[in-house]
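I'd like to walk you through a structure, so please have the picture in view while I talk.

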2 protein chains.
Amino acid sequence: MPASAPNSQQEIRRRNLSRVLHTVAERAPVSRAGIAARVGLTRAAVSTLVDELLRGGLLTELGPGRTGGVGRPGHALDVGARGPCGIGADVGVDRLVVVALDLRGRVRARAEAEGDHRDSDPDEVLARLAALVEETAAGAAGHGLAPAGLAVAVPGLVGRDSTRVVRTPNLGWPATDLRPRLPRSLPLTVDNEANFGALAELWHGGTEAPADFVHVSARIGIGGAVVLGGELLRGARGFAGELGHVPVVPEGRPCGCGGRGCLEQYAGEEALLGAAGLPAGHASPRSRTAVLAERAAQGDAAALRALRDAGRALGVALAGTVNLLDPEAVVLGGELAGLGRFLLPALTGELASRQAAPAPVPRLLTSAVGTDGPVLGAARSVVRAVLDDPMAHAPARA
Amino acid sequence: MPASAPNSQQEIRRRNLSRVLHTVAERAPVSRAGIAARVGLTRAAVSTLVDELLRGGLLTELGPGRTGGVGRPGHALDVGARGPCGIGADVGVDRLVVVALDLRGRVRARAEAEGDHRDSDPDEVLARLAALVEETAAGAAGHGLAPAGLAVAVPGLVGRDSTRVVRTPNLGWPATDLRPRLPRSLPLTVDNEANFGALAELWHGGTEAPADFVHVSARIGIGGAVVLGGELLRGARGFAGELGHVPVVPEGRPCGCGGRGCLEQYAGEEALLGAAGLPAGHASPRSRTAVLAERAAQGDAAALRALRDAGRALGVALAGTVNLLDPEAVVLGGELAGLGRFLLPALTGELASRQAAPAPVPRLLTSAVGTDGPVLGAARSVVRAVLDDPMAHAPARA
C-alpha cells in the first residue's frame with residue numbers, strides 16, 4: 001500500500017464517535033440501544049464510544065427510564081446542556097449580532113447592537129463586535145458552555161480558507177484581516193453572509209432540504225450562494241455565488257462593482273425602496289421592508305410596480321442561473337422571503353418562460369430559517385466541526 | 001461495522017489494477033520498476049497486478065531492453081495496440097462522425113458523413129449513424145481492437161443517466177431514446193455534445209488543465225459545460241450547462257427555447273452569419289466560419305461588427321457565469337476557438353468590467369482539442385471507463 005494510506009483504525013473510530021454524537025444531537029434524549037439501532041453498530045461498540053464521549057465531557061447521562069420504548073429502561077444520553085458551543089457573529093450593514101449555539105442547535109446566549117456601518121472604520125466596528133463576542137461567550141460560560149470557535153459572516157468577499165475580507169461594497173472597508181481584531185483565544189473562520197445563510201438552510205432542512213439549490217437573499221445587497229450535492233460551492237478563489245452581480249440589463253444602471261445593469265441595481269433594497277418612492281433612511285432593514293410590504297398590501301401602485309419589476313429582474317438572473325446549473329430548487333431568503341408573495345408572480349413568470357430544459361421548473365422555496373440565517377449558519381458551522389470530530393474539541397480530554 | 005462497508009480487499013485490488021493500467025496508458029513503454037516508482041507500490045505487488053492485466057489481454061509485453069534508464073533491462077509494457085477500445089460518435093447538425101480510440105487515446109478508425117440534420121427524422125439519422133458505428137467497429141477489429149462501449153454526443157438535452165434525448169432544438173427531434181436504434185452489442189452512454197467537449201478539454205490537458213472551468217463552444221447553437229473540481233456538473237436532472245440560454249438582453253430576440261434574448265440569439269452561428277450579411281446556407285460549419293474569419297481578416301466592416309457584438313454578448317453571459325461560479329478559467333471551444341482573435345477584445349472587455357471580485361479575471365483559454373472535442377470526449381469516456389475498472393472490460397478473462 002502507498003505511504004499515503006490513512007490510518008484506518010483511527011479514522012474509523014473518529015467517524016464512529018462522530019456518528020454517535022450526531023445521533024444524540026439530533027434525537028436526545030436517546031438510549032445506547034437507540035443509538036446502536038440508528039448507526040448500525042453493536043450495543044457493545046456504542047457503549048465504548050459513549051464512554052469515551054462521556055469522559056470527554058461531550059455527552060451527559062440522564063437518570064434511568066427517561067427514554068420510553070420497550071425493554072429494560074436505559075440511562076438516556078443527552079448533549080448540549082454543558083460542553084462545547086459554537087459562537088456565530090454577523091456583521092450586517094446596520095447591526096451586529098452574536099449568538100452561542102449549543103450542540104443541539106439551541107441559541108443559549110445572544111448579543112446584538114444596532115449601528116450604521118456604511119463607509120465605516122473596520123477597527124471600530126470590529127472592536128464593538130469583539131465586545132459582543134466576549135459578552136456572548138461569558139453568557140454561554142454562565143450555562144457551563146465553552147466556545148469551540150467563532151465564525152463571522154460578513155457582507156463581502158472573503159478569500160478561500162482565509163480570515164481576510166477583500167471587498168465589502170456596502171461597508172466600504174479596505175481589505176481587512178479579521179483575525180488580529182477578534183478574541184485570539186477562539187479559532188476563527190470568516191465567510192460571506194450569503195454562504196452562511198445557505199448553509200443554515202441546508203442544515204436546517206434535514207432530509208427534506210434539497211441537496212442542489214441556489215440561495216438568493218437580500219439585505220442591503222443581493223447575496224447568493226450555490227449548494228451542489230450538499231456542499232457549498234466556493235469557487236477557485238472563494239468568490240462564487242455573486243448573484244447580485246449577474247447582469248440583467250447589459251447597458252443598464254452603473255453598479256458599485258464597476259459593472260453595469262447588475263441584478264442588485266434592480267432588486268436590491270435601495271433600488272426597491274427608491275422605485276417605491278420610500279426613503280432608504282436608517283430604519284432597520286426589517287422595518288423598511290415591512291413598510292414596503294404594508295404599502296403593497298394596501299394596493300399602493302408604486303410599491304406594487306417596484307416589487308413586480310424587482311421580481312422580473314430576479315427572474316431573469318435566476319433563469320440564467322437555472323439554465324447553467326439545473327438545481328433542484330431556488331430558495332429565497334433574507335428580506336426577500338418576507339416579500340415573496342409580491343415578488344413571486346413576476347419572478348416565476350420569467351423563470352418559467354426562460355427554461356432551456358423541459359418542465360418542471362425547479363422548486364421555488366422561501367427560507368425555512370429567516371433573516372437570522374447568516375448568524376445561525378455561522379454558529380452552526382462551529383457546532384458541526386465539533387460533531388464531525390468530537391475528541392478534537394473535548395473540553396475534558398479523556 | 002455496518003453491513004454497507006465496502007469489501008476493501010477487492011476494492012483496493014481494483015483500484016491498484018486501475019492505477020497500473022492508467023500509468024501504462026500515459027507512459028508506455030514502461031517497465032514494472034517504472035510503474036512501481038510511479039504508483040508507490042512494491043515491485044512485487046506491481047508484477048502480480050501486471051500479470052493479471054496481461055492474462056486479461058489489457059497489456060502487452062515488448063521485448064527486453066526497450067525502456068532505457070538504469071539497472072537491469074526490464075521487459076517493457078505497452079497498451080493499446082490490441083485489446084479494448086472506445087467508440088465515440090457525434091451527431092452534429094450537419095455531419096456524423098464516429099471514431100475508435102485505443103487505450104492510449106490514439107484514433108485507430110474513423111468514419112464520417114455529411115448531412116443536413118435540421119428538422120430530420122431521428123430514425124433515419126440514427127440508422128446512418130449505426131452503419132458508421134459498425135464500419136468503425138469493423139475497422140477497429142481489423143487492428144485487433146474490441147469495442148468496450150459506445151458513447152454518443154448529441155446537440156441537445158439528455159436526461160441524467162439516460163440514453164434518451166429530450167430536447168434537440170437544432171435537430172427538431174421529438175424525445176428519442178437512442179438505445180433501440182444503435183448496435184445492441186455495445187454498452188451505450190449518451191450525453192450533450194458540450195459536456196463531452198468539456199471532458200475532452202479536461203482529459204486532454206493533463207496536469208496543466210484547470211480543474212474548475214466553464215467551457216463554451218459554438219457550432220450551430222451555443223453549448224456550455226461547467227467543470228468543478230475536475231468533475232462535470234450534471235445538474236439535478238442532467239441539464240446543467242445551458243449557457244446558450246442565459247438571457248443577455250431581457251426583452252430581446254425570441255429564442256427557440258421559448259425565452260427571449262438568449263445568448264444563442266446574439267452569438268450563435270445563425271446570428272453571427274446574419275449580422276455579417278452571410279447566408280447560413282448548407283456549407284459545413286467549418287467553411288462557413290472560415291468565410292466569416294476571412295472577411296473579418298480583410299477588414300470587412302459588417303463581419304467585424306458582427307464578431308464584436310457577439311463577443312460582447314458572450315462577455316455579458318460569461319460575466320454573470322464567472323460572478324456566480326468563480327472558475328479558474330473560461331475555455332472557448334468549437335467554432336468559437338477559430339474566431340477567437342476577433343471575439344476576444346470585446347469579450348474580455350465586458351468580462352473585466354463586470355467582475356464582482358477583485359482582479360485577476362479568470363484565465364481565458366482557447367480549446368486545446370479543436371472542433372473534434374465532442375467525438376473525442378465521447379470515445380475517451382469509454383476508454384476511461386476501461387482504465388478505471390480494467391478487469392470488468394478484459395477481452396480475455398484470466
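Let me start with a word on domains: their bounds here come from an automatic or database domain assignment. Two housekeeping points before we use them. This is a predicted model, where local features need pLDDT of at least 70, side-chain atom pairs count only at pLDDT 80 or more, and totals for chains, interfaces and linings use all residues. Residues are numbered from 1 along each chain as its sequence is written, chains are lettered from A and ligands numbered from 1 in the order in which they are written, and side-chain values use heavy atoms, with hydrogens and water left out.

So, how is chain A divided? Into domain 1 (8-78), domain 2 (84-198 + 374-393) and domain 3 (210-367). Between domain 1 and domain 2 of chain A, the C-alpha centres lie 31 Å apart. On the domain 1 side, 14 residues are in contact with 11 residues of domain 2 of chain A, contact being heavy atoms within 4.5 Å. About 1,000 Å² is buried between these two domains of chain A, with carbon and sulfur atoms giving 62%; buried area is the accessible area (1.4 Å probe) that two parts lose on being put together, summed over both. In domain 1 of chain A, the residues losing the most area to domain 2 are A:His22, A:Ala25 and A:Leu58, together 45% of what that side buries.

Staying in chain A, look at A:Leu54 in helix α3 (residues 43-55). Helices (H or I, at least four residues) and strands (E, at least two) are DSSP runs, numbered from the N terminus. A:Leu54 is partly exposed, at 23% relative accessible area; the scale is buried under 20%, exposed over 50% and partly exposed in between (1.4 Å probe, protein chains only). Leaving out residues up to four places away in sequence, A:Leu54 touches A:Arg32, A:Leu59, A:Thr60, A:Glu61 and A:Leu77.

Now, how do the two chains relate? A rotation of 180° with 0.1 Å of shift along its axis superposes chain A on chain B, with an RMSD of 0.1 Å. The two copies are thus related as by a two-fold rotation axis. In chain A, the C-alpha nearest that axis belongs to A:Val249, 3.2 Å away. The superposition is by least squares on the C-alpha atoms of residues with pLDDT of at least 70 in both copies. And 100% of the interface residues of chain A are also interface residues in chain B, so the copies meet through the same surface.

Is A:Asp326 buried or exposed? At 1% relative accessibility, A:Asp326 counts as buried. Its side chain reaches the backbone nitrogen of B:Arg237 at 2.7 Å, and the side chain of A:Asp326 also reaches the backbone nitrogen of B:Gly238 at 3.1 Å.

Across in chain B, B:Glu350 sits in helix α10 (residues 334-353) and is buried, at 7% relative accessibility. Beyond its neighbours within four places in sequence, the contacts of B:Glu350 include A:Glu251 and A:Arg260 from chain A, and B:Arg312 from chain B.

For contrast, A:Asp119, in the loop between β5 (107-114) and α4 (122-142) of chain A, is exposed, with 68% relative accessible area. Happy to take questions!

How values were computed. A polar contact is a pair of N or O atoms within 3.5 Å; within protein, one must be able to donate a hydrogen and the other to accept it, and residues adjacent in sequence count only if both atoms are side-chain atoms.
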